[in-house]
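Here is a short briefing on salt bridges.

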Amino acid sequence: MRTNKLLIILGVALLFTSCKDELDNSLKNPRDITSIKMIAPNFLSSDTSSLTRTILTPNNDGTEFSWKDGDIVAVYSNTRGMTNFYIDNESISEDGTSADFNGSGFKLLENSTYYAFYPYSSSIQSLDKTAIPVNYLGQNMKSNGDFSSLGNFDYMYARGITNDNGTVALSFQHLGCVVEYKLAVPKTANYTQVRFELKSNTGEYLLTNGIVDITAENPFIHQSNEAVSDSLLIVGLNVGDNGIQVVKDSLLTVYMMMLPQDLSGNEITIRLVDNEQNWYTAAVDGKNMRAGFTYHYEVNDKTGGFTGSGTGLPDDELTAKLISTYTESSSMSYEGMILDGTILYASGNFGVRAIDYSNENAPTLIKSQSLQKLTNNRTDMYARSIAIKDDYLYVPLRQSSGGSTENNMPETRMFFESYQGSYNDWAGANGISSNDYVNAFFKSLHISSINLNQNIKQAYVYKAVYQNGYYLNTINIQAADGSSTVLFRETFATEEEALTALKSEYRNNYGDYCKVDWSALPKNGNIFRNFVFYTLAEFDSYQHSGYAEISSAEVPCPNRGNYSLRMETNGNSSTNVARLTHNMPSVTDEGYLSFWGRLDHASSDVEIPLISLSGDTKLSLEFSSVSDSEYNIALKTVNNIATSKSRFKLAEWYNFKIQISEGNVRLWYREKEASNWLSEVVLTNSETITFNELQTGIVTSGSNAIFYFDDYYYDKSNIDDVAYVNGKLAILNKNTLEVSKIYNLDLKAIDAKIYEDRLVLTCFYGFNVYDISDPESPKLTYTYRTDSYKESQDCEFFTRNGRVYVLICNYMLGYTIADVTDVNNVEIMYVNDFSNLICNGVDVSGKAYSFDVSIDYPYAYLTISTNRNYINTESDIRGIVTIDLSDFNNPSPHFSLVPSDDVTTVTGGDPRPTHIAKSNDYLIINNADKGLLVFLIGNNGLPVYTGVVTVSGKPCINNIYVPYDGIMFVNDNNHGGSARNIYLFKGF
């Protein structure tokens, strides 16, 4: 943490521009033009009537501030924007009181007003100079008498007008005040915190945060939201390293910054806490605390000393006691947890474990189920969460490769999405797009994370572009609907490093891929606007006659994707034929086919062609009505036909699998839950079947036939080995952990949540709703699929006005709210795609994501974090965003952020936080190697950052689970140290 300064003389070159997305900044070369003089006063002593200036130093006289490496000042123009002034070691004078700032790319305008604010922090800074947030929570002192952390909380402002030469003098004023405690400790111990507590019976409360309008004539800190009574400010003492050891009767000197307010007439409790959760209290009189002054509090024999003591913090204040640590294997990572009585069921890359916590101090493993049993012997999956109803556990499984790609894929895999691209070269008469420059750069492009069936708003292609002190390489494509994909983004210290790092191929975590030719670009920024990418159809030819036709329909099958093929006839004709053909290498009697089909209406037999040889159909599936609501199916070759004995329901999706081998053709099917295959038809074929085309379409003489078709796969090996590998839903008996059913998915399954007889299963590309009135056999009642890459991560139920809803976090695309009161009639109520997400004046749309949610109606608390591409930029935010659910259309998001110094630097996987849980009036989020971050929920429902709870060892905290208030399980996974543990805490 950094301290601030007395005198700063900055040699700078300033050209003020609005602070927009960095990819759209104008780029200039460094040049020195003018200077800024900044002066910061010392704090006045509140204990002298003369009000003479006193210098605080790190001894009994106080503390002195000076410039430190890394200090940043935010400077605003009167009309245009904000920029940052960075201080480094080379610019600081020997005594630390001044610094020469060597800026670049900026210029001060003559006879103009400028405003300054210190300290700049990307986690709090606002582009709106009339509403800059300040927060005094989260202070930490490293050693006895340490003053180095005060600079991060010494908020200051300044204003000045440039002269005809563009020079300005900025005289800073302090917004806060300094508090010094000199405490004679009651016993030898390691002390972990000092608490400044206001216990008011008059409705007064302690102010801990607010906003500042630095353009006001006399700026001061305004209350930003309703604070809570009986509030407190905490200074952590050497947080994370067992506190500060002080010998009995010795002095512990503590420094703290505070928001000015009149506390005269109030009694203040100073509470000292040790690492055993023992506390000691002293009562002192409050003072009228004014900005720019220093206030002193002493607790010793002369003042009465510490008169109260106890164990465990009183009044439901923050405390977390580690009860036990369960460790099973150093290589097993934990994800989901659910408590049933005294048994904790945990899932992860090992499968499922049942751990007995009847003795909380010594949990023991009582049974387990392997991952291979859950996945039908797959080894590339893991369990992301776990849910329970009656005697059954529900375990979502996802394939562990990144983005939308799989380790194994069928030889031919066809989705019927309206924008689906191809890995093939898009070269041709028109090239890859409507822009010749784009055609010269891209040699191949596959985008699955955004919709290409529309105008592309802009593409940023930067090659060693200098900005903000580094050289940038990036490819960023932004669609007109606000969605975007960053194929890659890298920064370098030198131009040579940036140019050397250029590659010919890039792939991101969303499955987007490209081959490029960097030599087609000059060495500067290129921004292309309003052009169209050309897309390829799934098939090579389309023929139709009579009244038959094929179109795209937004009727998703239970598999992956939002669209399917709608094949229909609108009149009687013996030539009602429509076919799509896809060419492939010639094959004889070898291979598997798989597809989804749904017959909605047929007045006569309907034939669906499947394979052909140079246009001649060799194998078809025939549908024949047997009643107003049922039909049967038959396999049909040129010379043979075999009919099923089962009856199928109209307007229901079925998954079919066909094996073509020498001498016969076999057909299996399964219902929309995609459980086990059921053998249905065996067709003996005396002739070999040679084919070089996949077909689909409709052949019928009847009118008003409607058939939907989707997700057509072909492979020489069993389709189960190369398709339906993305995810599964395993159903286990909780008493034995034996697998009851496995539902196969071609989507990565993420989270499972249960409310009464409803199960919501979130997946990449959407979510499923099941009726679990029969817990052993869930019935799929609703599928929601997106038309672009849109993850569904964790979810939570809530009720409102007698209705049952679920809120689903959509990662970087906001959240979705669905009415699931009736699982057979699910309705999407509201979709917020974060397309206009503003935090502290910065547009973080497409840069921040929500991963998990905790709901205490009417408030939903979503984790908010920054995509790794924007870590350590002005868009870097970590914490909680609160959504008001009382009006879906006016969510009024409120951000509660963590100071940048308290958040993890771990960026493996997803930068934290990714999990959240509520216990009593506290919200807890994970913080990887730095443990847990805790927020107190105020009377207004808004969380306020309270501090850090560390976990010993080297864990990387992942999931947080609170089965009931006051008890909390947390676990760690494979990002971080070697341990893989489950920790049981009590408190909060």
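A residue counts as buried when its relative accessible area is under 20%. At 4%, Asp794 therefore counts as buried. The model shown is predicted. Side chains of opposite charge can pair when their charged atoms come close. Here the count comes to 23 salt bridges.

**Asp794 and Arg384**
- These two side chains form a salt bridge, with the closest N and O atoms of Asp794 and Arg384 3.2 Å apart.
- Asp794 sits in the loop between strand 63 (779-785) and strand 64 (795-800), and Arg384 in the loop between strand 32 (381-383) and strand 33 (387-389), so the bridge ties together parts 410 residues apart in sequence.
- Arg384 is buried, at 6% relative accessible area.

**Arg413 and Asp746**
- Arg413 meets Asp746 in a salt bridge, 2.8 Å from N to O.
- Distant parts of the chain are linked here: Arg413 belongs to strand 35 (residues 412-414), while Asp746 is in the loop between strand 59 (739-745) and strand 60 (749-755), 333 residues apart.
- Both Arg413 and Asp746 are buried.

**Arg803 and Asp819**
- A salt bridge joins Arg803 to Asp819, and their closest N and O atoms are 3.1 Å apart.
- Arg803 is in strand 65 (residues 803-809) and Asp819 in strand 66 (residues 815-819), so this pair ties together parts 16 residues apart in sequence.
- Arg803 is partly exposed, with 37% relative accessible area.
- Asp819 is buried, at 5%.

Definitions and conventions:
Residues are numbered from 1 along each chain as its sequence is written. This is a predicted model: local features need pLDDT of at least 70, side-chain atom pairs count only at pLDDT 80 or more; totals for chains, interfaces and linings use all residues. Side-chain values use heavy atoms; hydrogens and water are left out. A salt bridge is a side-chain nitrogen of Lys or Arg within 4 Å of a carboxyl oxygen of Asp or Glu. Helices (H or I, at least four residues) and strands (E, at least two) are DSSP runs, numbered from the N terminus. Buried means under 20% relative accessible area, exposed over 50%, partly exposed in between (1.4 Å probe, protein chains only).
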